[in-house]
Each structure stands twice: as structure tokens, then as C-alpha cells.
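Trainee: I have a new structure to read. Please show me how to start.

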Amino acid sequence: MKQSSNNNNPHLEKCRKLVRTHLDLQLFSSALFWADKAATLSHFDPRDIYQLASCMFLLKQYQRAVMLIKNKGLDKTDMLCYYMVLRCLVEAKDYTEAANIINSEINPTSCNVSLQQQDMKSHDGLTHFNVQSALFCIKGKIYEALDNRNFATDCYREALRNDVHCYDAFQALIQHQMLTSFEEQMLIQSLPWSNHPNDCITKPLYEVLLKKYQEPKLTGPFSQFDIPVELIMDNLDIQEAEAERHYYACAYKDCFQITESVLKQDPYHPECLPIHIACLVELEKSNELFYLAHKLVDLQPDQAIAWFAVGCYYYLIGKRDQSRRYLGKATNLDNTFGPAWLAYGHSFAVENEHDQAMAAYFKASQLLKGCHLPLLYIGLECSLTNNIIMAQKYLKEALEIAPNDPFVLHELGVIAFQSHRYKEAESRFLEALERIKQIKQPIIANKWESLFNNLGHVYRKMKNYDKALEYHKQALVISPMNTSTLTCIGFVQSLNNNFRDAVDTFHKALGQKREDTFSSTMLTCVLEICIEDPPLFNDYSDEATESLKLELNKKLPKTNRLLKMNDDNDVVLPFRNPNLRLWNRRLKKKTEDTSSNDPLEDISSNNPTEDISSNKMTDDTSSNTNIGDTSCNTVGDTSSSAMVIDSSSAADNSSINMDLSTNMSGNSDSSK
């Protein structure tokens, strides 16, 4: 009777209408005033109490809304009011109290039993399944904030099963990489699509937003998905997903064009910003990144993405301390922001702080369960600390998640080289090269130069000197001013008894880097051979000269032994690609380390990125590599000289890549 009389009260209906009107106009104080009057006139009907608590929520009066509902006892009898209590506690960051409420239930990952059968007819436009989905979603956020990601994942899954249109739950799962690729596919297939027979767009849209880095072949903008053409052409979320696919395929310029177009229409698109920052780092556009970071800090100082951009800028220009400071601030503002943890780990890794780097990477691996990047970086750190078995384990796990990633294939080739499995190393490197050639982009020197040089090292160890020279020369074409590549070429020429060309090559290398110990030592060795084997012997061949040659060759075993020793005792440093993608790679170090007197010092150069066309007749290929470094002791040293194969050591050229999502919060207290 009371409910019926309430519905016939014209003053009550007028107040409810005023609440809706002012909510539509974003006049929350006015809405709160009339919601309070409506609740009184209806004798505190649950619907009006919920509306009043919603107005308090919009005005950020979270504790007041919680007390209102609890004082009326509606948190135990009304599902929407129960949901509002949890929502307010989450916004107030009172996760402990929210967890206590959830834990009072029999099954923490289910809805309150006493509320499950509640009739939602009194709430316009809401169904029991809508509210239940919202409850699961808010519980997932609570568990995620408490680092209980398994329960959080279960809650998000249940939210989607109750309401397939609950994008909050879907976004949490994919943006925070809570599922593996197989689990994502299983989730999509398990959703109750049959309950929505007329919905032909939700499933294709969700499939578009799944793991992008596992599909590097770009055959067209989502041609395999049944999405309306107008959405593909005009929707910014679809364009952002396409940009991410380009990014994971290493097509950075295409990706940058798309993100730039998206940000012109929506300058603060939350999903697009991290990808755009990644492209700015990859393309080394420091000025644009500086401007963007400044703008984000001015307008969104409490967002983690703003300080993430600042940290990336300082990393790009080589200021590691400032970079670490701001990346640390981003992780403090949002502890679940995986890209910031990856970048934070990179800031330690490039300075050989392996323990701190590993700690950050392991934290990222917990946050990004379905992402291969933390596993890749953990494998790299294990490789740098000569823990080859663990490095191989983590790299193979990364390969299972992202089988098409050329960087993972490259690093596995390095592990095989370190273990003297040269055939396997050759196979891994060639497979990585094949992946790169599928990318119709110009070759980027400071990304793929190391792959060509490392192939040269493998063929040198297999005594296929012609192929070794071929790949070293391709690396030299990509980066013509690279001292280490010249040294590699000279060494292969020496091993192939092409001493004249070796002398010229070592002279060129020393002309670029006078303190190159290995080139200096090898030049001395080769010159000794040339002095004892005069040029005229190469031009004339008669019995006298041949006999003289035989006698001179008896005097050369020491030199030949030195060459053999250099080739057989390779000092193999773990590969670290110099320009690891911002989601997946390390940033190029701008400051050149001062030369060391250590005879085993790495030789690596910091050359500007330069784009060239591929030698292939049909496609342009995109490839990035750092040189295989060389090092040597002087001839008189007791330890053996050696060629060094490298993908840029942690203290050398380094390039960062971080898997980017967008979560944020923080205060701006410093300027760049």
C-alpha cells in the first residue's frame, strides 16, 4: 500500500523528475537537493535512497553515501545499494573495508546470496543480470587493487558472462593482460552470444581488441572481422587497435601516422597515448615527446601516463636518473601500470643493475600475465648474468606467447650461439630475418644491424667466410660508420687469408676509433704476415718463389695460431638489442661511454638511425640491428684475444620498449 501511495504522490514524482533533469545537466548539487526530498517523500524507498547515494557519489562524498545506505540497512537487502557501497569504498580507496564486506559472503567471487533473486522492476532499464555484472566488475577492481589477480580475473569473467556488453570487465582483462592468448579465445567462445541473437557487432569488436602482437601480417584493416565499414573508417578505438597491430609488427612509421591522426581528433585518447609515446621513442622524436609530456603533466598531473611520458623523454635523451625518478612516480601513482614497471626495469638494466631490473620485470610479469615482454626481459637479464639455462627457459616461454616476435627469435639465437650450437643459432637468426622481411618498412639501422652482424659471426664460426663477409657488409650498408662492423670484416678477411684487404679494413676501423685494441692487435698480426710474404710473390709464380714461400710459411705458425686463437675463444656477451621497442625493446643510449683500457672492452657505436631500401628486388624490409662487438688483448697478453658477439650490452647502446596500456594518477611537482 505504501508503494502504491508513493507512486500516486505528485510531489514525489516532481522531485524525481527534477533529479533526473539536473543529473542530465551535470548539476549534481541541485540533483542531490531534490533527491533528498524525494527520499523523504517516499519514506526512504530503496530506489530513492540509491538515487540519493548516487548524487553523493558524483559529488565525491563517498563516506557519506556509505553511511546513508548502512543506516537504512539497505546494504544487506538491496542489490543496487550493496553495489553502491562497494563502489564508494573503491573510489575512496578503502579497499580493506570493501574486502571485509566481500569476505563476509559465503563465496567471495559470487553475488550476495540474499540479493540474488531480487526483482529489478522498480529500477528503470536495469535487469538482474546487469546489476550482477556490475557487482562482479567492482569486486574484480577490489581484488586487483589488493594484488589478488586470480580472484580479480574470475570476477571479470563472471561479469562478462552475466552481461557481454560490460566493456569495463573486458577492458580490465585485456588492458592489464590478465589472460593468455588461449584463455582469451576460450573466454570469447564461452560468452552467451545466443542470448543476443540480433547482436552481430560485439563479438567482432572484442576479437579486434585481443592480442595484437601475435598478428604481424597486415592484410588490411580488419578485413577478417565482420565490422561495419563506417566503424572501421571513422571510429577512433578501431583505428587505435589498427595502430597497435602496426606497432607490434615493427611498422613504426605506419603506426605513428595512425596515432597522430587519432590524437588530432582526440588529443587525450587514453588507449592511443601510450602507443603514440612508444612510436615517438622508437622514431627518436625527442622534441615531440617533450612537448607531449609537458602538456600531459600540465593537464593531467594525477595520471600515471603523464609521468610515464616524462620518464620516457628523459630516457630517450640519455638522462637515466631523471628517467628512473619519474617512472618510479608513475608506478607509485598506479601500481598496476605494467608499461611503467617495464620501463623502470630498463632504467636499471642499462646501467648493469641486474637485481633491481629483475625485480621490476618480475613485478611486470605478475601484472601482465598474458604478455611476453616481461619474460623476454627476464631472459635478457639472465643472459647478461650468464645464467644461460634460465635465460633459455624464459625466452622459450616468451616465444610460446608471441611466436612471431623477431626479437625473441634473435635472443634465442644468441643463447644457441653462446652454447656453441651454431646450426640452431643460424636457424633462429634466419627465421628472425624472415620475419623482418615481411615488414614493408625501411630498415632501421640501430635496431636490426646486430642481426646481420650476428649472422656473420655464426657463419664465421662455421668457417663459411664468404657468407660471413656478405652479412657483415650488409650490416655496414645499414650503418656505414660502424667501427665494430669494420673490425668484424677485417677479422673474417684475415681468417680467409685475404691479408691485403684486411689491412685496409683495420686501418679504416682505427681511423674511426683509434683506441680500438682488437683492430690494433689484428693489424699488427696481419702486417707481420704481409712483411714476411712480399707482394711480388702474389704476382709471380715460379719454382724459386714457391720454394721461398714454403720456407717463409714455416715462420708464420705463431701468427696463424693467434688468428686461430682469436676465432676459437670467442668472448660471447649476451645479446641485448640496442633499440628494443618501447613496449618490447630498449632505448638507444645517447651518451657514448668513455673508452676503457680493458682489453675485452665492447666496441659498439652510436650511429644515427638511417633508413635505406632493402637489397630485395620487390619489397622494402624493416630491420634493426646493433653490431657484433669485437675485443682483443694485446699480442703479449697471456689471455687470449677474441671476437665478441653482442646485441648491445646493458651499459652500451640500449633501447627500451614497454608494453603500453594506460592507467594513471600523481602530482606534478617538478618541471622538465
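Trainee: What is the mean pLDDT of the protein chain?

Mentor: This is a predicted model, so begin with the predictor's confidence in each residue. Here the mean pLDDT of the protein chain is 74. Of its residues, 70% reach 70 or more.

Trainee: How many helices and strands does the protein chain have?

Mentor: The chain has 33 helices and 4 strands. Now look at the contacts between residues at least 6 apart in sequence: 68% of them join residues at least 24 apart.

Trainee: How much of the protein chain is buried?

Mentor: Buried means under 20% relative accessible area. Of the 672 residues in the chain, 57% are buried. Cys81 counts as buried because its relative accessibility is 0%. Cys488 is also at 0%, so that residue counts as buried.

Trainee: How many disulfides does the structure hold?

Mentor: The structure holds 0 disulfides.

Trainee: Is Glu240 buried or exposed?

Mentor: Glu240 has a relative accessible area of 6%, so this residue is buried. Glu240 lies in helix α14, which covers residues 236–248. Beyond its neighbours within four places in sequence, Glu240 contacts Val262, His269, Glu271, Cys272 and Ile275.

How values were computed: Residues are numbered from 1 along each chain as its sequence is written. This is a predicted model: local features need pLDDT of at least 70, side-chain atom pairs count only at pLDDT 80 or more; totals for chains, interfaces and linings use all residues. Side-chain values use heavy atoms; hydrogens and water are left out. A disulfide is a pair of cysteine sulfur atoms within 2.5 Å. Buried means under 20% relative accessible area, exposed over 50%, partly exposed in between (1.4 Å probe, protein chains only). pLDDT is the predictor's confidence in each residue, from 0 to 100. Helices (H or I, at least four residues) and strands (E, at least two) are DSSP runs, numbered from the N terminus. Contact means heavy atoms within 4.5 Å.
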